[in-house]
Amino acid sequence: MNVLDFARAFFADSAHWHGYDGIPTRFAEHIGYCLEALAIAAVIGLPVGLLTGHTGRGGNALALLATAGRALPSFGLLVLMFIWIGLGLLPVMIPLVVLAVPPILVTTYEAVRSVDPSPVDAARGMGMPEARVLFQVEVPVALPLILSGLRTAAVQIVSTATIAAYVSLGGLGRYIIDGLYQKDYAKVVGGAALVAGLALVTLAVFWAVARLAVSPGVRRGGRG
């Protein structure tokens, strides 16, 4: 059997479409892990990135932090957290958040720093408070890049959240881990296909959000 045959066999099996191990249940679990990790990473990364980008301070420290975060192996960190904390969702959330914070943090910083200083200086010259300068002048222009950082983090989380199955949690990684253990390669291929499909859906969602949230003038300026 080839990969397509394995995938066809997996999705054609009605047992995979209902029950606690059904695709809808595992899909919902996986999305839940991803949304929680992305929300935590955004709460950490966005404010710090916006503040440092606005003030222009801390760029070197952010670069160092991002490099360190990207260098940490997610699975190794999961094992370490599992040994230290034990079973539960927290050992999974920590490596996912550590993975997601650097692209959000660095991209947000760079997005704000890349805003044309002319309107920023004009806003300050009009006496606009710094918070309004940031949120009314800089953020609208920086939004496409900020969303790209969130998109990168989200896709990385979707792909990596399969590690939850290693510590007896659910999600789409359950099919991959259980399939390897049972030598059920149709289940392995099906699980991998679902993860890849969810990553593509994530890209599509962020494309739609960018179309709705970014003003047409900013989009045209970015293409120019």
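Arg 26 is buried, with a relative accessible area of 7%.

**View 1. Surroundings of Arg 26 in the predicted model**. Arg 26 lies in helix 2. Because its relative accessible area of 7% falls under the 20% cut-off, Arg 26 counts as buried. Beyond its neighbours within four places in sequence, Arg 26 is in contact with Tyr 20 and Asp 21, and also with Gly 170, Gly 171, Leu 172, Arg 174 and Tyr 175. Helix 2 spans residues 23–55 and has the highest mean pLDDT among the elements of the chain, at 95.

**View 2. A nonpolar surface patch that includes Ile 83**. The patch covers about 610 Å² and is made by Phe 75, Val 79, Phe 82, Ile 83, Leu 87 and Tyr 166. Ile 83 belongs to helix 4, which runs over residues 74–85. With a relative accessible area of 65%, Ile 83 is exposed.

**View 3. Helix 10, residues 216–223**. Among the elements of the chain, helix 10 has the lowest mean pLDDT, 61. Where pLDDT is low, predicted coordinates should not be read in detail. For the chain, the average pLDDT is 89, and 96% of the residues score at least 70.

View 4. Of its 224 residues, 44% count as buried. Among contacts with a separation of 6 or more, 74% join residues 24 or more positions apart. The accessible surface is about 11,800 Å², and carbon and sulfur atoms account for 68% of that surface.

Methods:
Residues numbered from 1 in each chain as written. Predicted model: local features only at pLDDT ≥ 70, side-chain atom pairs only at ≥ 80, totals over all residues. Heavy atoms only, no water. Patch = residues over 30% accessible without salt bridge, like charges linked within 9 Å, V, L, I, M, F, W, Y side chains within 5 Å. Areas by Shrake-Rupley, 256 points an atom, 1.4 Å probe, with all protein chains shown as cover. Salt bridge = Lys/Arg side-chain N within 4 Å of Asp/Glu carboxyl O. Helix = DSSP H or I, 4+ residues; strand = E, 2+ residues; numbered from the N terminus. Buried < 20%, exposed > 50% of the residue type's maximum accessible area, 1.4 Å probe, protein only. pLDDT = per-residue confidence, 0-100. Contact = heavy atoms within 4.5 Å.
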